[in-house]
Each structure stands twice: as C-alpha cells, then as structure tokens.
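Subject: The model you asked about

Hi,

Here is the structure to look at before we next talk.

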Amino acid sequence: MKERVRLMNYQQYLLPVLLLPLACFLLLGLFGKKHLKNASGVIGTASMFAVTIISVLVAGRYFFADGKVDGVYQHLIAYKYNWLAFSPTLSIDMGAIVDPISMMMIVVVSFISLMVHIFSLGYMKGEERFTTYYAYLSLFTFSMLGLVLSSNIFQMYIFWELVGVSSFLLIGFYYNKPSAVVASKKAFMVTRFADFGFLIGILVLSFYGGTLDFNALIQRLTAPQSGEFVSITTASFLGISMLTWGLCLVFVGGAGKSAMFPLHIWLPDAMEGPTPVSALIHAATMVVAGVYLVARLFPVFAIDVPALQIVTWVGAISALVAAIIACTQTDIKRVLAYSTMSQIGYMMFALGISRYGGENGLGYTASLFHLFTHAFFKSLLFLGAGVIIHFVHSNDLKDMGGLRKLMPVTHIAFLVACLAIAGVPPFAGFFSKEEILTASFHSNKIIYAIALFTAVLTAFYMFRLYFSIFWRKEATVHGTHNADGTASMKIPLIVLMICSVGAGLVPITKMVTSDGVPLETHMDVLFSLVPIVLVLFAIFFAARMYKKENGSAGKMAVAFGSFYKAATKKFYVDEIYLFITRKVIFNLIGRPAAWIDRNIIDAFVNGVAATTARISGLIKGLQSGKVQTYALYFFSGIAGLAVLFIYLWK
Amino acid sequence: MNLTLLIIVPFLTAIAVLFCKGLKQVRTVSLAGAAVQLALVVFLLIAYWQQHTSGGSQFLFESNVMWFKPLNINYHVGIDGISLAMITLTALVVLAGTLVSWSTEKLSKEFFFLLALLSMGAYGFFISLDLFTMFFFLEVAVVPKFLLIGIWGSGKKEYSAMKLALMLMAGSALVFVGLAGIYFQANSFDVIQIAGMHIPLSVQKTFFPFAFIGFGIFTALFPFHTWVPDGHSSAPTAASMFLAGISMKLGGYGCLRVATYLMPDAAHSYAWIIILLATIAIIYGAFATMMQTDLKYINAYSSVSHCGFVLLGIGMLTKTSVNGAVLQMVSHGLMTALFFAAIGMIYSRTHTRQIAQLGGLLKVTPFISTVFTIAGLCSLGLPGFSGFVAEMTVFMGSWQNPDAWYRFATILACASIVVTAVYILRATGRSIMGPLNASYNQLTDASWNEKLAAGVLITGIVIMGVAPFLITKLIAPSTDVIMNKVLTMVK
C-alpha cells in the first residue's frame, strides 16, 4: 500500500465537488424561502449536474489515465488541511482521498443524487417546503461526498454524523405527520447508538495506531513488525485482542448505518420520508456507508479473522432475515426497504469472506461491484414506486394492480429493475451477484447456501411485487392521462433503466480490488447456471401466485402458519426494542434518576438548609427568613472553621 | 491595552442605566454598553494574537497595583488564551442577553443594572491574577443572581432564588477556605508567584477539596448540582442565559486555574474522585433530563450533564482533555445561552414550557424553531457546531489517560451522546415538529432583537464548530503551560 502525496491538477476539482453542494445548501437554506421560491429546484439540479460532470471526469481520469503506477491503483491524497489538532500526533485533517473505492463512490453518489434532483422537480412540485427540500438534498449530497472522500477516520465520523442528520431531516420532512416524526427520531437514535460504538472503535484504533489518518493507520496496523501492530494485538480485554475490539466497534457503526440485523429497525420506518429521498438515501447511498467503511479499513480487517467473521455472519443473517420478511410485507416501500437491507447484507458478507490481495480478494471486488450495480436498480425501483404512489395515493399493494397499461414507462422500468435485482442475465445485478456467489462458494459453503437461498427469495418477492402492482387485476384507479408523471420524472427512470441494463458491463473487477491490482475474472457457465435456473423458477412461481388473483398466496401463508405470522410481524424485533427502551431504560434508569434527584439529593440539600435554619433559630431565637442572614451565618461559620483549621495545621 | 476597561465599561453602563428614564433609554444604554464590550473583546483578541505570535509571556496585558498592603493583596490582572476565550464568551452572552430582554417592562432600570453588574463580576473574575481579587469578583457575580431570580423570576422564584444563593454562597465559602489555605502557605495571593512555588503535598491535599468543591458547586458538580434545575427554571430568560452561559463557567475556570494549577499534586491524588463524580453527573444528568417535561428543566439538567464534561476533562489531566474542558466551557456557554434564549422566545409567545402542550411550532414560528433546533443539534454534538469539537476533544483526551478504569469512565461519558440524542429529539419532536396546536395559529415569529441575539450566539457556535483550529490555537498554548507544570510537579 503506497501513499503518494501529490497535488495533481485535476484532483483539485474535488474541492468544488464538495463545496458546490454546500454552497447550494447555504444559499437555499438562508435565502431560498424568500427570494428563490421556484428557482430553488433548478439551482439545486444545476449545481448537482456540474458536480456529477466533475466527478465523472475526475474518476475517469483516475481510472483510465493516470491512477495506476506499474499496474497498481494508487492511494493519493488530493489535499489536506489540519482542522483540529488533539495532540501532536492525533489530529483531524480534512482531506480528500483518491483511490478506486472513493472514485467509484463519488460517481455513484453524485449520479444518483442528480437523478433524484431531476425526479423531484416533478414529484415535489407544489410542495410548500420545496426550497427546504432542495436545501436538505444538497446538505445530504455534500455530507455523503465528504464521507466517501474522507482521508481521516475522524473526518469520516464527522460526515457520518452529518449524513445522519440530513437523513433525520428528510425522513421528518413531513413534520406535521406524527408517524414521520417518530420515524425520523427512531432512525437518528438507532444510528446514534451505533455511532457510539464507532466512536469508541476510533478511540481504540487511534490510541494504538497513534494516528487518525486512514493511510497511516492501515499501514501501521497491517505491518507485523511495527510497534503499533504488536501493541494492539498483544493488548486484550476479556481475552479478545484490542484489534478485534476496535474493528468490531467500528463495525457496529457501519452496521447501524447500513441497517444490519439487529440494528436494522429504523430502515423500514424511514420510508416515511418523501420517496425520492428513500431512493437516494435509504437505498443507493447512505445505507451503503457501512459497507464502504469496512471496505475502507479492509486491509486491517483482512488480518483479523474474528472481526471478518462477525462481518460475514451479520451480513448473511441480515440478507436472509430481510429477504424472508420482504416476502410478507404489503407496503410497497417496505418491501423495497427490506430488499435493500437484504442486498446490503449481501455486500457485507461478501466483504467478510474476502481476504486481502489477488484472487482471495474476489469477495471485496464483488461486494463493491454489487454496491455499484445495486445503486442503479434500487434507486430505479424506488423512483418507480414514487411514480406509482404519486398516482395511486397509497403505499399498499392491495390498492394497486393492473397498472401496466396506465403507466407504460414505469412498467418497463420497474420490470427491468426487478430483473436486474433478481439476477437475470444480462441485467446488471446478474454480474455482481454471480461474483458474490463464486466468492462465497470458494470460501464457505454455508454462506454459499444462504446466498443462493436469498437470491431465490429475492427473485420471488420482487416478482410478487411486480405482478401485484402491474398485473393481478384490472386497474381500480381509472386512467387519467399521464400516469407516468411529468417529463422530469420520466427522464431519470429511463436513464436509470439503461444503467440497470448496462452497469454490469462496467469492468469494476479491473478497477476496484483489495490491493489495487486489476483482477481477471472468468465466468464458469455451469456454475452460473444453478442460480439462474433457480431464479427463473422463483419468478415463474411468483407469476403463478400473483399474476392472477387465485387465492394461492393465501394458501401459502396458511401453510407456513406461525412462521408466516412472525415474518409479517418482522420477527418481533421492534417489540423487543420497545420493551428494552420503554420498560427497561425509561422505567428502570431514567425515572429513578429523575426521582432520586428530586427526592433524595435535593431533599438532602433542603434538609441541610432547614436544619441550619432551625439551629440558627434556636441559637439566635429568630428566624429572619432573609437570605443575607443565612448567608452571614453560613459564611462566618465556615470562615471560623477555616481559621481553626489553619491554626491547628500550623 | 488596559484590561481594566473590561471592568470599567460594565460599571459605567450600570451607573448610566440608573440615570436613565424609561425602558427605551435604559435598553439603549445597555445595548450600547454590551456592544462596546464586544468591540473591546474583538480588539483584545486581535491585540492578543499579535503579541502572542511575536512571542509574549504566559500572561499578556498585565497590570499590578497594590490594593491592601498588610495582607499582600494586589489588583493584578492579565490574560492568557484561556481567560481570553472566557471573556469572549462573556461578551457574546452579555450582548445576546441584553437583546432578548429588550421588552422587560417590570423595573427595567434595576434589571439592566443588575445584568451589567453581573457581567462586571464575570470580566473581573476572568482577568484576575490575584486570588483575592478573583474572589471579590466572584462574589460580585453571585449577588445579582439572587435578585434577578427573586424579583423577575417565575414559578417558585423565592425558593429557587434562596436555594441558588445559599448554595453558591456555600461554594464561595469553601473557595475562600481553599484560597486562605494557599495564602497561609505561600504568603501571597498572586497566581503567578504561587504557581512558581511548590506547596507541600499535605497542604495541597487539605485545601484542594475546598477549592475544587467550592468552584465545583458553581459548575454543577454532582451531588451539589440541585440549585441548577430550580435556579434556571425560575430565572428570567436573560438571567438563565447569564447563569448557565457565564456563571457556571466561573466554576470550571476556577477549578482549572486555581485548584488544579496551583495544587497539581492534590489534583493527581484526587483525580479519581473528580472523574467518578463527573462521570456520574454526565450519565445521571442525561438520564434525569430524559424524564423532564418542562423545556427549561430539560436544558438545566442537560447543563449538569454537559458541565460534567468540563470536570471530566480537568480530572483526566492530559493536555488534550484539559483543552477539551476549556472548549466545552466556551461551547456549553454559547449553546446553553442560545437554548435558553429560544425557550424564552417560545415561552413569551405560548406562555407554557411544557412540551406536551406545544407542538408543530415550525409552521408558525420557523425562525425560533430553527434556532431551537440548532441549539438542540449543538447540544447533541452534531459536527459543524461547537459541541462536537469540545466533546470529541474531551473524549480523545480522556482516552489518552492509560488507566483502565478511566477508560470505563470515558466509555460511559461517550454513551451520553446517545442519551442526549434521545432527550433532544424528544423535546424537538414534541414541541417543534408534530401537528400544530390550534391555539398557536396566531403566533408571531422572532422580532429583530431576538433574531440578532440568536444570530450573535449562532455565529459563535458555528465559527467554533467549522473552524476549531482558530480557538484551539488560542487556548492550547495556555493549557500547555498549565499542564506542563501539572505534569512535571508530579513525583
């Protein structure tokens, strides 16, 4: 891992990538409401357009022109400012790291953000807080770009919190709606709890590593001879080395943001936000921050097998559990939310089974490849859902059906996205999923089985969704024209549809690898056939059940009995949390703390005052009730004591 | 520059106010006084920066005049980066406090007189380098609070005023014993002289607790914090701002400048107690806040929790953590003043502070609601605002203390960021968001003076949050001097 600090001309353009959205946020936030009411959408979109162009140019230049030295992609630092120095060695530097994952991410983030900006021009039209909405979108984009460009772990934490707050603001955008307020609070608190782990993880790693800088930290903690490595691996707590502790704690933060089991409970509720926001934040970008974090620290994770194992199992369980729950939900956005969780679980365990370097790093590459393709088809699914909800005025599947004729563009787009996420060739999801399956097959057969089963479930529930929305029955909502929405809503759908077809052809394996060396992958036809056949079978099965209303879905539900019921209730995880927070924390810690303060500590203080007053009353035979008098006694008493004290001392 | 101006200006303001007629004159004079103070402080910052970078001594702008010969009491003033940071905080809060009290009809002359007196006490305290002078100004700052709460307060104001005055008097008394102990050993009240001596360990051990607990009471040291909720909730808005924004900082500053700096060995021996109490205050304060239903009680209890970070930073005795403690004092001062200002604005319109009775205020009073939300976000440590910088510095510094038990304290303190998020979001969610209570349809948004007050404080918070290097460059060299002494004197 070589680091070269050099300021290449083109990398300076990363500064406007960050500053344009920030400027846009400040402009719209401070002056937008009064002066820019209707122009705000255009201003936001235009700045986002510029950001996207610059990001693509910089990333393209890095990947295809001069990112490689001797065939290896370099980690470069575009710029670096000392922002807050804790001590001579530990400081938060604001910088921009230029390496394969950060370059890939700025393209994904800015591109999806642009699509959502355009889509929202139509979707949010007439909204009272239109300007505020665009201000928040800009704030989010700024924070997310800052997060992926972070060159310092604390810098990442800063932007990590900022994306958290933008997510909070956008989930609670309809602040009059109590459910939106509750959902926004829940999202913030759960991720905050996870960030507590992240913070302690940073403290641990930086204490032993002696630095907060990503490159230096990775360098020191992966060199077996370095003093830092020796100290962090020999120090242990409860029999677990501090390295494992540090990494696992950092991973807790990642798991919270990425809605991994059991910290996933905020994600389905976060769907209370406007649908384009769900597409941007809760599907394509912010929720993959956890994957990005593990990928960023991957060389360190790779030398610590226990931590990687935790990553693997958390990912695998999340992928499976979410897929099962998704099969039973009836709210279109919630199905998509669980599907997001499931796909991120996929990325996570792919990282977990990977190792550092060469062929062993296939899981790493596959994970980020899937992150890349997933961003397109999942945001497409959400934007499509947005069009549908816009038209039907309901999130519930039972209010939908037969919409294919009314909204042809959305129909085709949604179908493409479903095929892509199900992993049907030649759509984007096929290529990335295929690599994850290959990687897991070669490292852990149980994980492979889970991955395969999840893939089948994914195909099933996605086509359950598709058939329920577009087929099943004749449309109940009768056709006004233009159900597909305005042009600004159609264009992003079409663009993302093209991406969902073509993104699999982008040679990510040659660009994003664990050690920077391009990876040669070959497809084994026989191996790929197994998942393809199973997936097609699942789609066929979904078609039989949901294409026409025939009661077979109900029978299935009955057949699964209480398991089905548990899955619809999301396995009661929410209830467990509610019990712990409401009953245990509020009643057993909060309430007693407040009570003790008033009735014991304060009562004691009052008691002392009362006693003093009574004694002084006895002595002086009067109780003036004047503070000056009390103070005088008190004062002179203490002073007398002091003199006595000093006298005795000498 | 003559530091005495910082005492003269508020003093003259106070006198001038007495000769004014009517609210309009009174507030104009007060505002002018506050503006002059801020201008002085800005000037001082620039002058300090120039002299400091050209290699000045530890304290700049010193002046030393004999005051009372027999006891060797001098009027000795001078500032370093820490006191300058505190003075800047004071000037900002005074200006904002004056602005939010713009329409105080009741006994306005006396009200603004007392505010000016209070700020004089605070400035005097922060610039003093003589323990007796320092004590004198500490008392000047206590008395007005009693009257401000007792006369202009709300709720059970007599009880609260009495409680606050008595507890702070008790604190002062303890401080006095501590100072006397130092004096009889060193035969001097001069901070610089005493810092150069070595006080015997046994003496330190006897008098450190007096000084530390005495000052600690001012800054809500557990379990002597119970004046905070009552005092704050009964006080009028400006008094709450002064109380939490400035007065509580007198205590933290004293703990550092007097107790720790002058008696470093004792600070080391008692560090574990300080850390224990601070950690309890942080966690327990946060949980107690979670159960409050009155906005002012929420902010008061949260102050107990946040001031715990100051004491934790001091108790951990590493350079970084002490830096963090100073940062937290400034940050908490600005943030809590902003919070009280916002609560005051809400209360003056809705006449309630119960979060259950509020709701949806964002719709009718967007400016005030935004201010409230910003204060909340700063309180829960959002990056970009001052709270984040201060808390992270405390955490980072505390973790550098290698004692395993202190690590647990740090982890517990870090856990408070979760609890803080819970109570802040609860308060914001219920009062600012949610459906609008129909009876609040006609509320008016902030007036110009309220906007200006909020603007002044938010500017401070954002500058510190976005460009923390400015303020760390100011205070770090000064804490280094203190900590070098503290760390070398330990055997």
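Below is what turned up in it, going from the whole chain down to single residues.

Two bits of housekeeping first. This is a predicted model, so local features need pLDDT of at least 70 and side-chain atom pairs count only at pLDDT 80 or more, while totals for chains, interfaces and linings use all residues. Residues are numbered from 1 along each chain as its sequence is written, with chains lettered from A and ligands numbered from 1 in the order in which they are written.

Chain A as a whole

Chain A has 25 helices and seven strands. (Helices are DSSP runs of H or I with at least four residues, strands are runs of E with at least two, and both are numbered from the N terminus.) Along the principal axes, the C-alpha atoms of chain A fill a box of roughly 95 × 60 × 55 Å.

How much of chain A is buried? Of its 650 residues, 56% are. Buried means that 20 or more other C-beta atoms lie within 10 Å of the residue's own; exposed means 12 or fewer, partly exposed is in between, and the C-beta atoms are placed from the backbone. As for contacts (C-beta atoms, placed from the backbone, within 7 Å), take those in chain A between residues at least 6 apart in sequence: 79% of them join residues at least 24 apart.

Where the chains meet

The contact takes 45 residues from chain A and 48 residues from chain B. On the chain A side, strand 4 (75-85), helix 5 (153-171), helix 6 (178-209), helix 24 (573-620) and helix 25 (627-649) each supply at least two residues. Helix 6 of chain A gives the most, with 12 residues. By type, the chain A side divides into 34 nonpolar, five polar and six charged residues. Here Ala, Val, Leu, Ile, Met, Phe, Trp, Tyr, Cys and Pro count as nonpolar, Asp, Glu, Lys and Arg as charged, and the others, Gly among them, as polar.

The core

A nonpolar core is a set of buried Ala, Val, Leu, Ile, Met, Phe, Trp, Tyr and Cys residues joined through C-beta atoms within 7 Å. The largest one has 442 residues, and B:A96, B:L338, B:A341, B:A342 and B:L457 touch the most other members. Leaving out residues up to four places away in sequence, B:L457 touches B:L92, B:A96, B:L334, B:A337, B:L338 and B:A341.

Strand 1 (residues 60-68) and strand 2 (residues 73-79) of chain B run antiparallel and are joined by six bridges; two strands pair if DSSP finds at least two bridges between them. Strand 2 of chain B is largely enclosed by the rest of the structure, because six of its seven residues are buried. Back in strand 1 of chain B, B:F61 has a positive phi of about 55 degrees although it is not a glycine. With 18 C-beta neighbours inside 10 Å, B:F61 counts as partly exposed.

Helix 6 of chain B (residues 157-186) has 30 residues and reaches 42 Å from its first C-alpha to its last, close to the 44 Å expected. That expected span is 1.5 Å times one less than the number of residues. Since 27 of its 30 residues are buried, helix 6 of chain B is largely enclosed by the rest of the structure.

Around helix 9 of chain A

A:F251 lies in helix 9 (residues 242-257) of chain A and is buried, with 28 C-beta neighbours inside 10 Å. A:F251 and A:D195 are 56 residues apart in sequence, yet 9.5 Å apart in space, C-alpha to C-alpha.

The loop between helix 9 and helix 10 (266-269) of chain A holds A:P262, and the peptide bond from A:F261 to A:P262 is cis, with omega near 0 degrees. A:A259 is in that loop too, with a positive phi of about 55 degrees although it is not a glycine.

Happy exploring!

How values were computed:
Contact = placed C-beta atoms within 7 Å.
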